[in-house]
Structures are given as structure tokens and as C-alpha cells.
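Trainee: I would like to go through the terms used for this model and see what stands behind each one.
Mentor: Then let us take them in turn, beginning with a pocket.

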Amino acid sequence: MSDGMIKSHFISADQGYMYRMQNPFFLAIDERIVKDWWQQSRELHWHDYFEIEIVLDGTGTHQYNGTNYPLSEGCAYLLTPMDIHALIPDPGTDLHVVHLRFDEQAIFGEVRDLLLQHDHVHSIHFNDAEFSRLLTQLNELLHCFEVNNTQSLSIQLMLSYLCLTIIRESRQNENRFASYPAANPVVHQTLQYIFYNFRKKISMQELGEKAHVSPNHLALLFKQATGTTCMQMISDLRLQYAVKLLENPNLNIETISAQSGFSAASYFISVFRKKYGITPKEYQQQNKAKRNQSEPVTEISETYELNS
């Protein structure tokens, strides 16, 4: 089904990204082999970007917001920054997937709003004809990159259409996953609120009021669904935001701490060093050195690991 169509456009997974753009929006596309022994793919995590993953070969399980979905050739799913997931290949089996990462500016606002509603599971197993059409759309997107990756409007249009295809088919075929319950709406609402407000002062009392449940009950539901606490997730989001600000050598640590939502620079420095092994200032200096091509910079992941 996928042979001769998609593989001709991709390099091997160990050579990194095939396509990547940063401006005017972020979009990265790569082909990867998920090994059955990779621990990282098995751990629940979330990202600060949107994702599409399309399974070309292999079988496994997708843990998606507390629910398990079977994976095989022809499966595709869409993830938002509020989704918690893990990818688990079956024993002795590798999953061959196409992975797209993008920010909210990479798709039209109406499509983004559909994705953030969280009233549907955007996961689908396409039949052969449907999957062939999906891969054709993907190839058209890749071709646009190959011809001229400055055609941002064309790329945005094709990516939005690819998202709409998965949204439409998953909603029309929800009976295919009828035995899998929807994720807890209280948790989704809380995740969405945290994602858009993590730089502000947030308390469990406030989160409980927004979700119309008691703080203790929310803490229990959230922990069961995500494997972490609301406060830990807020701290991790603040740290990842700070990492991006640290790429600007003209911002001081106090300013970055405040803009990221930390109440004190000393606390920010402490939690940053505990998570990444270096101080914010050291990371900022390494980034400056990297721009001068004098030394490598410590890699900080855009993936948020849970249960850690």
C-alpha cells in the first residue's frame, strides 16, 4: 500500500529530519522506526506542539489520554499539546511511522479550533483506498517542500487539509473505536487551561473552580490520566518556555524567570538545574557560543516526560 509512494521521498530514519522549517511557522517532517525496546516511546509524555503520526508498517498500541488503541499499517492520529500519549510497538516488532510536528501557526485557525475542541478522538484506521489518498496528500505536501519551501501559504493549506482529512474520517468512523471511551473532559479542560495560562499564577483551587470539581478530586483525576500532578506540569511548561527565552542572549535571568511564570529567580535557577543539569546562565552562554560556532550546546528536549 505504501511501497513506492511514500518511501521514495524519505531518507532513512537515522539520518534525521528530511524536511524542516522555522519561519513563518514551525513544521518538521521525518520518517522513523520506533523500536520495541525504546523506553522513551513507551513513557507517557506530551509536547508543546501539534503532531500527526501515520503508521506505514508494524503493529503496536497507542496509549492516548488514558485509553489504548491498536496500531497497524493504515493508522493515523492527530495530537494537540493537551494530549498525553505513548507509542508501544508489539514485542519483536518495530513501528515504521511518518511523523509531522507543527505549531498552531502552521494550520488555519478554524482547523486549530476543531482540534482543540476535544469532543472527538482524532485517531483512525484507514482502509486501503482511504490510506492511499492520505499518502497522496502527504506526498503533495512533501513536493511543495522540494520545489520551494518558502511557499508558506501552500504548505499551510496542504497541512490544514491533511488535518481535516484525519478529523473528518475519524468523526465519520467513530464506530470503529466504539469500545474505547473518550478521555475525561475534566482533565482535557484542565490541560487546555494550563497550557494557555501556565505563565500566570495558578493554584489548585483555581483549577478546581474552572473544572467545576473540588481541588482534591481534580488532583486525583489528573494524576490517574497523566501520571503527574497539575503543579508539576505547570513547572515543566514554564521551564520549556524559559528554554526558548534563553536563546536570546540579551535577556537577563531575572527577566526570563518572571516572563516564564516563576515567582523568584533563585527558585527558577534551582529547578532548571535539577531538570537539565546546568544553570540557565550556562545554557544561555552555550547557545551564544553555538551561534559563534565555538562549542556544542546542551540539547534540551521539547518532549515533556511524565512519571519522572
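Mentor: The lining of the second largest pocket divides into seven nonpolar, five polar and eight charged residues. This is a predicted model, in which local features need pLDDT of at least 70 and side-chain atom pairs count only at pLDDT 80 or more, while totals for chains, interfaces and linings use all residues. Residues are numbered from 1 along each chain as its sequence is written, and side-chain values use heavy atoms, with hydrogens and water left out.

Trainee: What makes a residue nonpolar, polar or charged here?
Mentor: Ala, Val, Leu, Ile, Met, Phe, Trp, Tyr, Cys and Pro count as nonpolar, Asp, Glu, Lys and Arg as charged, and the others, Gly among them, as polar.

Trainee: What makes a space a pocket, and what makes a residue part of the lining?
Mentor: On a 1 Å grid over the protein atoms alone, a pocket is an open set of points with protein on both sides within 12 Å along at least five of seven lines, and a lining residue has an atom within 4 Å of a point. For the second largest pocket, 20 residues form the lining, and M231, Q232, S235, Y267 and V271 lie nearest its centre. The elements giving two or more residues to this lining are α8 (230–245) and α10 (265–276), and α8 gives the most, with seven. The space in this pocket is about 460 Å³, a volume being the space filled by probe spheres set on the grid points, which are joined across faces, edges and corners.

Trainee: Why is the pair of F262 and Y267 called tilted?
Mentor: Rings of Phe, Tyr and Trp (its six-membered ring) pair if their centres lie within 6.5 Å; planes under 30 degrees apart count as stacked, over 60 as edge-to-face and the rest as tilted. The centres of the F262 and Y267 rings are 6.2 Å apart and the planes stand at 55°, so the pair is tilted. F272 and Y283 also form a tilted pair, with 6.3 Å from centre to centre and 55° between the planes. Ring pairs link F262, Y267, F268, F272, Y276 and Y283 into a cluster.

Trainee: Why are β1 and β10 said to stand at the edges?
Mentor: Two strands pair if DSSP finds at least two bridges between them; strands are DSSP runs (E, at least two residues) and helices likewise (H or I, at least four), numbered from the N terminus. The open sheet of six strands has the order β1-β2-β9-β4-β7-β10, with antiparallel pairing. β1 (19–21) and β10 (123–125) each have a single partner strand, so one side of each is left without a neighbour in the sheet. For β10, strand β7 (residues 75–79) pairs in the antiparallel sense over three bridges, and A76 stands opposite I124.

Terms used. On a 1 Å grid over the protein atoms alone, a cavity is a set of points where a 1.4 Å probe fits but cannot get out, and a pocket is an open set with protein on both sides within 12 Å along at least five of seven lines; lining residues have an atom within 4 Å of a point.
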